Amino acid sequence: MGIRLGAAWYPEHWDEVTWRQDLKLMREAGLNVVRIAEFAWADIEPSEGHFALDWLERAVSLAAEHGLDVVMGTPTAAPPAWLTQAYPEVLAVDEHGRRAQHGKRCHYDVTSSLYQKLCARVVEELARRFGPDERVIGWQIDNEYNRVSFSEQARRAFQEWLQGLYVDDEGRPSLAALNSAWTTSYWSQKYTSWSQIPLPAEQNHNPALILRFHQFVTEAYCRFQRLQLEIIRRYARPGQWITSNFMGFFHGFDHYRICEELDLASWDHYIGTGHLDLVRAGAAHDLTRGFKRRNFWVMETQPGCVNWAPINNMLDRGEARAMAWNGIGRGADAVLYWQWRSALNGQEQYHGTLVAPDGTPRPFYQEVKRLSEDLQKVGDLLDGQTIRAEVALLHSYDDRWAIEAQRHHRDFDPLAHYLHYYRCFAGRSIMTDIISSRAPLSDHGYKLVIGAPVHIIDEAIAAELKRFASEGGHLVLSIRSGFKDAHNRLHQSRPPALLQDAAGMYVEEYYALLEPVPLRLELGGQAIEGQGQIWAEWLTPLEGTQVLARYGSSNGWLDGQAAVTAHPYGAGWVYYVGAWLDERTQAALMGWIAERAGVRPVLAGLPENVAALRRGDAIVVVSARRERCQLSLPGRYRDQLTGRLLEVELELEPYGVAVLVPA
Ligand code: GAL
């Protein structure tokens, strides 16, 4: 089938004449998939228990007649007004105790068992009708899970969930175990009944409570999702897959957990204000690929502009094509635009679309057409091909929640710190996986693994990292690694706990920095005068550990102490980076480590905001630059989009794309 191209379509446009016109234009643009119904509950179940699916079935038939496959959305992100009026208790409650109002979406309380029952009923109707349907290739459950509810029912569900987590030796719920793990004697937090445990509706709660609450929200969405999964799977014909669409690095729940039960991961790629940064967008693609460690879909992307950003600027001409290719080069098997046609009313009137209210193409339509022409040329070449990376960055929602709740320095944004590492590799066109900190590392061919940081660590994580390094891998640990245990409790040994022997050092002290501290990095005879900013740690090396960088004079404590270390471990190496380094020093250090690890870029020496991505045997080159640029090639290639033979150089137009295979 090649790479899929599609758009979202909503029932507000439903009448046969309009739909036929739309389908004709979709076909002419080269679309082959349409996503429908994800907010259509009010039209699917106009009153309680009365279902109207014939129009939807007719829409599916007509799509098929025009050669388009269908992705069916379950409409549970938008409960209808009759439902919220009859059952106001299904509405979410915010931190201040206010119930959500009708008229928006995602206004439901995911922990409501009544809501789950009502969802199950509508999903069952849909699944019974469309599960066996050949024309429906897959399902999307709900839409962008995000709402957290602080209702009474959520609190009770949290308390119940905790009882399964904190148990005694015989597996019985144990408040003593919870009190001990949460250190609740502190500030008299000790609980004598499960019913006393609050939801963290205010700032500055117990770190264990905060972490567990995020995990609980994840489990609540898992349950909500599982209910729908089970129903759909009961009716689905073989081959129909099920996904849900996510929002990049949004961290309202643990995506690894949610994706365990899905067949496919997908995400919604928006830029909002500004322009395409290939590395920043690339990180979200790589993240999504890592959820199931295989190719993924871009379920929604921006047709020119959005309507919700501070400035809803239109992407430059050609930019959306580069945006799509940046995903395809990183393993996207489909790119779908949100949405096809402007709704005449509703909250998103100004959003970009492919077709205007009069049903004729907007200028952006041509851009999608061009993308479909690309895909006709190279779709087969890329079909079924996936990504093999030699570098893996570990990622953990627990770590992000733990640090976010206690930044210690207001500028310690865990995601910014993470991307500070990612950029050193992806920015140099080194294919990079982003995987869970709990993912097995063997059999993937990784040469370099980075924990930026591995903040919460337990025996299982430590054992896998040690195994990787001892078998010849290069392991980099950043600041704040090995600080906490699974209860978000401080480890009783110095950081990096459980990895001190492998890293050959420990953290003597950590410092939030008012001002940058100077440091000197020495890499194989070359010295770099750099800085640590925001956060610096005084490292104490153990025997046999090399010191790669030392601090200059600053707060007295750090003066002359080790800032970066390297330690041989088994057949491999473990590096500890003790400060948030300035960009130049960070790039030099990571470049040096990558070289030692034998990691190679797909193409070397590319200009800023140009990426070379390897998918199977093809190299996808994408420019997100406004001006032309040249790059040199290490051999002879043929660009499969233009058919041109390239000897030593490739010239790219603004936002240009090439798909190269060795010639
Ligand atoms: C997404 C959402 C879509 C649409 C889009 C607009 O977050 O899933 O339904 O609202 O934003 O950019």
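Trainee: Hi! Among the contacts in the chain with a separation of 6 or more, what share comes from residues 24 or more positions apart?

Mentor: Such residues account for 72% of those contacts, where contact means heavy atoms within 4.5 Å. Keep in mind that this is a predicted model, where local features need pLDDT of at least 70, side-chain atom pairs count only at pLDDT 80 or more, and totals for chains, interfaces and linings use all residues. Residues are numbered from 1 along each chain as its sequence is written, and side-chain values use heavy atoms, with hydrogens and water left out.

Trainee: Got it. How many helices and strands does the chain have?

Mentor: There are 17 helices and 27 strands. Both are DSSP runs numbered from the N terminus, helices being H or I with at least four residues and strands being E with at least two.

Trainee: And what about the radius of gyration?

Mentor: The chain has 26 Å, which agrees with the value near 26 Å for a compact globule of 663 residues. That radius is taken over C-alpha atoms, and the globule rule is 2.2 Å times the number of residues to the power 0.38. Along its principal axes, the C-alpha trace spans about 75 × 75 × 45 Å.

Trainee: What percentage of the residues count as buried?

Mentor: The figure is 60% of the 663 residues. Buried means under 20% relative accessible area, exposed over 50%, and partly exposed in between, using a 1.4 Å probe and protein chains only.

Trainee: Let's switch to α15. What span should that helix have?

Mentor: Its twelve residues, 459–470, should span 16 Å at 1.5 Å a residue, and the end C-alpha atoms are 16 Å apart, which agrees. The expected span is 1.5 Å times one less than the number of residues.

Trainee: Which residues of α15 are buried?

Mentor: Ile 461, Ala 462, Glu 464, Leu 465, Lys 466, Phe 468 and Ala 469. The buried residues of α15 pack against several elements, including β10 (391–395), β12 (448–451) and β13 (474–478). Just after the helix, Gly 472 takes a positive phi of about 115 degrees.

Trainee: Where is Ala 497?

Mentor: Ala 497 sits in the loop between β13 and α16. With a relative accessible area of 0%, Ala 497 is buried. Leaving out residues up to four places away in sequence, Ala 497 touches Ile 457, Gly 482 and His 491. Ala 497 and Gly 482 are 15 residues apart in sequence, with their C-alpha atoms 4.6 Å apart in space.

Trainee: Which peptide bond involving Pro 496 is cis?

Mentor: The one from Pro 495 to Pro 496, with omega near -5 degrees. Pro 496 lies in the loop between β13 and α16. A cis peptide bond also joins Trp 338 and Gln 339, with omega about -5 degrees, and Gln 339 lies in the loop between β9 (332–337) and α12 (364–382).

Trainee: New topic: is Trp 187 buried or exposed?

Mentor: Trp 187 is exposed, with a relative accessible area of 61%. Although not a glycine, Trp 187 has a positive phi of about 55 degrees, and its place is in the loop between α7 (175–182) and α8 (207–235).

Trainee: And Glu 144, buried or exposed?

Mentor: Glu 144 is buried, at 15% relative accessible area. Glu 144 is not a glycine either, yet has a positive phi of about 45 degrees. Glu 144 lies in the loop between β4 (136–140) and α6 (152–165).
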